[in-house]
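Me: Hey, I'm new to this one. Can you walk me through it?

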Amino acid sequence: MRVVGGDGFLELRSTGHQVVVLDQIQDQAPAPRPYLQIEPDGTVQLNRSSIGYYINGSRYGAGSPPASIQGPGGATPRWVTVGHGGRYLWHDHRIHWMAPGKPPSVRGNSGKVDMGGPDGDWVVRLVVDGRPVAVVGELVLHAAPNPLPWLALALAIVVLIVAASQWSARWTTTIAAVVSGAVAVLVGWEQHVAVPAAAGGTPLSWALPGVALMAGMLAAGVRQPRRQATALLGASAALVGWVFMRWTVLTHAVLPTQVAAP
């Protein structure tokens, strides 16, 4: 089991075992009902009689479970198959703070959030091959980074490119497009690998800079000024679109990527 997307999702992988995730609201009850199960053959099923089945569609649990599942008769599991391969990803309210504002347990701009478990941890309870298991984690609020140094660095790079273009505008712009496209493809691919589609991952994170890289290489290989200018314009447009798609990386402390932190 791992957390994906900061505090957005839990991902569970299992092969050869029966794993049952207990319901979010009633996992402390004497006879808790199941929420999710993965069979030994990898079949993934959700319980339509669980509270979590109805409230996991939004971050703050805006869904309303029907009254029919809240009584004694509603405790009977109603399984629906939602996947195969022993892997499932879902939003779980137990691992994040259930309000838009800052948790009262955090003093200042960062700190550990009290999630109600031992030492303020969060707890997700499972049953693995008939044995109870507790998955324990902590939620730490990090202060948002200051984007100004990165914006200053970007401005400095632009100034250097413009200055170098006075010597050879065509080759300076072409080299900048190729290098920028290659770096962006690497960063975008690592993000794509780290974030499943259900968590908002998209091939555009690497495909868009890939277009910029190919356009830059095309500009380097053609001799007609008009075709070269068209290719460089396409590379610039793709890179600008990619930058806007990733604009939030300048304001978020936790980034969904497998690139090592500096």
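Reply: The model is predicted, so local features need pLDDT of at least 70 and side-chain atom pairs count only at pLDDT 80 or more, while totals for chains, interfaces and linings use all residues. Residues are numbered from 1 along each chain as its sequence is written, and side-chain values use heavy atoms, leaving out hydrogens and water.

Me: Which residue does Arg87 meet in a salt bridge?

Reply: Glu11, at 2.5 Å from N to O. That pair links distant parts of the chain, with Arg87 in strand β7 (residues 87-90) and Glu11 in strand β2, 76 residues apart. Strands here are DSSP E runs of at least two residues, and helices are H or I runs of at least four, numbered from the N terminus.

Me: Which residues are joined into one network by shared partners?

Reply: Arg2, Glu11, Arg13 and Arg87. In the Arg2 and Glu11 bridge, the closest N and O atoms are 2.3 Å apart.

Me: Is Glu11 buried or exposed?

Reply: Glu11 is buried, because its relative accessibility is 2%. Buried means under 20% relative accessible area, exposed means over 50%, and partly exposed is in between (1.4 Å probe, protein chains only). Arg2 is partly exposed at 34%, and so is Arg87 at 36%.

Me: New topic. Where is Asn47?

Reply: Asn47 is in strand β5 (residues 44-47), and with 0% relative accessibility Asn47 is buried.

Me: What does Asn47 touch?

Reply: Leaving out residues up to four places away in sequence, Asn47 touches Pro34, Tyr35, Tyr53, Thr76, Pro77, Arg78 and Trp79. Contact means heavy atoms within 4.5 Å. The Asn47 side chain also reaches the backbone oxygen of Pro34 at 2.8 Å.

Me: And helices? How many residues does α3 have?

Reply: Helix α3 (residues 204-221) has 18 residues. From first C-alpha to last, α3 reaches 25 Å, close to the 26 Å expected at 1.5 Å a residue; the expected span is 1.5 Å times one less than the number of residues.

Me: Which residues of α3 are buried?

Reply: Ser205, Pro209, Gly210, Ala212, Leu213, Ala215, Gly216 and Ala219.

Me: Last one: what share of the chain's residues count as buried?

Reply: 34% of the 262 residues. The chain has four helices and 11 strands.

Note on methods. A polar contact is a pair of N or O atoms within 3.5 Å; within protein, one must be able to donate a hydrogen and the other to accept it, and residues adjacent in sequence count only if both atoms are side-chain atoms. A salt bridge is a side-chain nitrogen of Lys or Arg within 4 Å of a carboxyl oxygen of Asp or Glu.
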